[in-house]
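Here are my notes on the side-chain contacts, for you to read beside the coordinates. Please go through them point by point.

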Amino acid sequence: MKFPHLPICGTMRPGIPESRLNAHVVEESGLPENVLRIERHSRAWNGVTVEDIHEYAEGRVLHSLLYENETRLTVNLDEVGGQTEPRLNKNKSCGLDHKPNHMAIIPKGMHLWGYASSLRYCRYGILLFDMEALRERLGEGIDTRSFEAPRLRFTDARVLALVRMLVAIPPDDASSGLLGDSLTAAVFALLSSGQHTTPRAGQLASWQLRRVQEYMRTQLPRQIALEELAGMVGQSQWHFCRAFKASTGLSPYQWQLQERLNLVRAHLLHSDATLEIIAKETGFADAAHLSRTFKRHSGQSPSMWRCSRL
């Protein structure tokens with residue numbers, strides 16, 4: 001099956017088949033002139049499809065794509081050999097100065113051209129929004145009017161940081177649902193707010209926090225959706241994320257990860273189970289994934305940590 005081409009500026013093809021959404025790498029054929037290879041890493045969370053695109057080229061590139069049903073954010077993460085440019089007209093330059101890590105919001109149904117006078121490599125993150133799902137899940141305070149007109153070559157350090165975190169989530173991290181939900185909700189809320197500062201978040205009531213934390217502990221190591229936790233206290237996902245962090249100092253994902261690592265430590269201290277078994281019992285993809293995460297947070301490998309406490 002052939003997929004429509006991706007323009008260099010980072011717009012995304014419509015109609016991604018469901019079987020492709022969790023593919024680690026997809027290489028495309030039938031590419032535009034001077035495009036040598038496109039690699040696509042895809043994940044989906046919370047009504048948002050996130051794609052990490054690596055595009056290899058040699059020379060001038062100009063091609064177009066029309067999306068009838070998708071609104072998307074494109075974020076330029078890297079470019080080598082030339083500057084990328086989004087165009088609303090094939091033969092008319094953007095007119096805005098190039099900025100590193102420039103972004104674009106493109107409403108559904110809008111024609112966009114991608115241009116580069118000379119390019120060797122470009123990496124960009126794409127967030128494809130299911131607006132109806134997001135309106136339902138994020139609830140009050142979300143205004144989609146910011147997505148109704150094109151916006152080219154703008155920058156936002158907060159959005160950039162969140163998108164970098166999204167594309168950095170390991171494909172083998174089976175527990176990334178809560179993290180992906182939180183990050184995509186935060187990106188959408190920042191873009192839709194049109195504000196340069198985020199209002200100070202209130203905290204959860206003590207009973208709300210206690211209820212959510214007890215539930216998260218009892219459900220370990222099952223993946224929990226952000227929507228599930230927010231629904232327990234009658235809040236939108238965006239407001240819940242902010243209130244939870246204001247109450248604990250941690251995002252829901254960070255708090256859950258700490259609890260999972262505490263569970264790992266209990267297994268290490270009170271059993272002789274192998275790392276493969278402990279990884280399975282605590283929701284990690286495998287022993288290697290567990291070891292990487294444990295060492296990053298504890299400063300020691302699980303084996304060394306266990307030996308030092310026996």
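**Notes on side-chain contacts**

1. Arg222 has a relative accessible area of 34%, so the residue counts as partly exposed. The model is predicted, and side-chain atom pairs are counted only at pLDDT 80 or more. The partner of Arg222 in a salt bridge is Glu228, with 2.8 Å between the closest N and O atoms. Glu228, at 26% relative accessibility, is partly exposed as well.

2. How many salt bridges are there in the model? The count is 7. One of them joins Arg123 to Asp52, where the closest N and O atoms lie 2.8 Å apart. Arg123 belongs to strand 7 (residues 111-129) and Asp52 to strand 3 (residues 48-66), so this contact ties together parts that are 71 residues apart in sequence. Asp52 is buried because its relative accessible area of 7% is under 20%. Arg123, at 23%, is partly exposed.

3. A further salt bridge brings together the side chains of Arg217 and Glu259, with an N to O distance of 3.3 Å. It links distant parts of the chain, with Arg217 in helix 4 (residues 206-219) and Glu259 in helix 7 (residues 252-270), 42 residues apart.

4. With 14 residues at 1.5 Å a residue, helix 4 should span 20 Å, and its end C-alpha atoms are 20 Å apart, so the two values agree. The buried residues of helix 4 include Gln208, Leu209, Val212, Gln213 and Met216. Viewed down the helix axis, the buried residues fall within an arc of 120°, which means that they line one face of helix 4. Ser206 and Thr218 are exposed, on the other side of helix 4.

5. Aromatic pairs number 7 in the structure. In one of them, Phe240 and Phe244 have ring centres 5.7 Å apart and ring planes at 45°, so this pair is classed as tilted. These two residues are 4 apart in helix 6 (residues 237-248), which means a separation of about one helical turn. Both Phe240 and Phe244 are buried.

6. The rings of Phe294 and Trp305 form an edge-to-face pair, because their planes stand at 80°; their centres are 5.9 Å apart. Phe294 is in helix 9 (residues 287-298) and Trp305 in helix 10 (residues 302-307), so the pair ties together parts that are 11 residues apart in sequence. Where do these two residues stand on burial? Phe294 is buried with a relative accessible area of 0%, and Trp305 counts as buried at 8%.

7. Phe129, Phe147 and Phe188 are joined by ring pairs into a cluster. This group can be inspected together with the pairs above.

8. The charged end of Arg87 sits over the ring of Tyr115, at 4.0 Å from the ring centre. Arg151 has its charged end over the ring of Phe154, 3.9 Å from the centre of that ring.

Conventions
Residues numbered from 1 in each chain as written. Predicted model: local features only at pLDDT ≥ 70, side-chain atom pairs only at ≥ 80, totals over all residues. Heavy atoms only, no water. Salt bridge = Lys/Arg side-chain N within 4 Å of Asp/Glu carboxyl O. Buried < 20%, exposed > 50% of the residue type's maximum accessible area, 1.4 Å probe, protein only. Expected span 1.5 Å × (residues − 1). Arc of directions from axis to C-beta. Phe/Tyr/Trp six-rings, centres within 6.5 Å; stacked < 30°, edge-to-face > 60°. Lys NZ or Arg CZ within 6 Å of the ring centre and 35° of its normal.
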